[in-house]
Amino acid sequence: MANQDISVLQLHQGYNIKPIDVSDLAEQVIKSLPPEKYVTTTLFLTGKPQPGEKESCAERTIYLDLPKKNLRGLRLRALYELFETFRREHFDVVICNRFKPTSLMVWLHLLVGRPRCLSVVHILSDYRPFMRRLMVRLIAHKWHFVAVSESVRQGLFALNCGFNERNVTVIENAIDSQQMLSLLYPADVSRKTLDLPTAKTIVGTIGRLDKRKGHIDLIRGFAKIHQQFPDVLIAIIGEGKERKTLEDEIASLG
């Protein structure tokens, strides 16, 4: 332990470790930290694994297991539980994955020894006017932001609330390429497994069915050109609240 001089906490909203973490940015970050130099802890505000489910690859994991309602409104219970965690333990760096952990740490940061904080930003819609005003005041206090794409970084700059070239870095979603390649089926086996025709050219998209993913634009765009490319098929893989909307649009466009 004497040689492990930097303590890193990764803060998550809810338990979400996948059985195969090939594209889990947070897990890849933990794996990239040399254990002889870093002590790693993962903390989940809500949820915990059921027996047999995978845990984080961090040295230690904390499950606060708060009801999801405690992450809405003033979130006083969540703030208290986090404050108590920081009071008991020392963390040099806190990595906040997505917006809610970031917003909680914005409030706690000045009370818990001002660790260096990194916020991983995937989308911009959560940065509403009040949060922007708050960020202007606090962004200089040992905060750095990681945008998962160049477009997200440019979007942060456009908010005009303190984001700049010095405090925003782009790190695209990490993928363990060797692990990914080892899991791939041959094309013919993949098509058979997914019940896709073998005689067509397939354009595929994988992701949750959410408005922000733009699936409906893909469907409408393809509807305009599919007569020109009768041997092309669009395959949408995913699940989410937009499923029925997308299915209705597909049906209406024939």
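This is a short walk through one protein chain, from its overall dimensions down to a few single residues.

Okay, so before anything else: what we have on screen is a predicted model. Let me start with the whole chain. The C-alpha trace spans about 60 × 40 × 35 Å along its principal axes. There are 254 residues, and 38% of them count as buried. The chain exposes about 15,400 Å², with carbon and sulfur atoms supplying 55% of that area. For secondary structure, we get nine helices and nine strands. And if you take contacts with a separation of 6 or more, 65% of them are between residues 24 or more positions apart.

Seven strands make up an open sheet, in the order 3-2-1-4-5-6-7, and the pairing is parallel. At the edges you'll find strand 3, residues 60-63, and strand 7, residues 168-170, each of which pairs on one side only. Going from one strand to the next, the twist averages 20°.

Two helices to point out here. Helix 2, residues 76-88, packs on the sheet and touches strand 1, strand 2, strand 3 and strand 4. Its direction makes about 160° with that of strand 2. Then there's helix 5, residues 150-158, which also packs on the sheet, touching strand 5, strand 6 and strand 7. In that case the angle, taken with the direction of strand 7, is about 165°.

Let's zoom in on strand 4, residues 93-97. How many of its residues are buried? Five of the five, so strand 4 is largely enclosed by the rest of the structure. Remember that in a regular strand the side chains alternate between the two faces of the sheet. Here both faces are covered: Val93, Ile95 and Asn97 sit on one side, Val94 and Cys96 on the other, and all are buried.

What about the partners of strand 4? On one hand, strand 4 pairs with strand 1 in the parallel sense, over four bridges, and valine 8 stands opposite valine 93 there. On the other, strand 4 pairs with strand 5, again parallel, over five bridges, where valine 93 faces arginine 116. So that you have the next pair along too: strand 5, residues 116-121, and strand 6, residues 143-147, are parallel over five bridges, with valine 120 standing opposite valine 146.

Phenylalanine 99 is in helix 3, residues 99-108. Is it buried or exposed? Its relative accessibility is 16%, and the cut-off for buried is under 20%, so phenylalanine 99 counts as buried. Setting aside neighbours within four places in sequence, phenylalanine 99 is in contact with Asp126, Tyr127 and Met131.

Last stop, the surface. Ile175, Met180, Leu181 and Leu184 form a nonpolar patch, with about 380 Å² of accessible area together. Methionine 180 lies in helix 6, residues 177-183. At 31% relative accessibility, methionine 180 counts as partly exposed, because that class runs between the 20% and 50% limits.

Terms used. Residues numbered from 1 in each chain as written. Predicted model: local features only at pLDDT ≥ 70, side-chain atom pairs only at ≥ 80, totals over all residues. Heavy atoms only, no water. Pairing = 2+ DSSP bridges. Axes fitted to C-alpha atoms, helices over the stretch in contact; angles between N-to-C directions. Contact = heavy atoms within 4.5 Å. Patch = residues over 30% accessible without salt bridge, like charges linked within 9 Å, V, L, I, M, F, W, Y side chains within 5 Å. Areas by Shrake-Rupley, 256 points an atom, 1.4 Å probe, with all protein chains shown as cover. Salt bridge = Lys/Arg side-chain N within 4 Å of Asp/Glu carboxyl O. Buried < 20%, exposed > 50% of the residue type's maximum accessible area, 1.4 Å probe, protein only.
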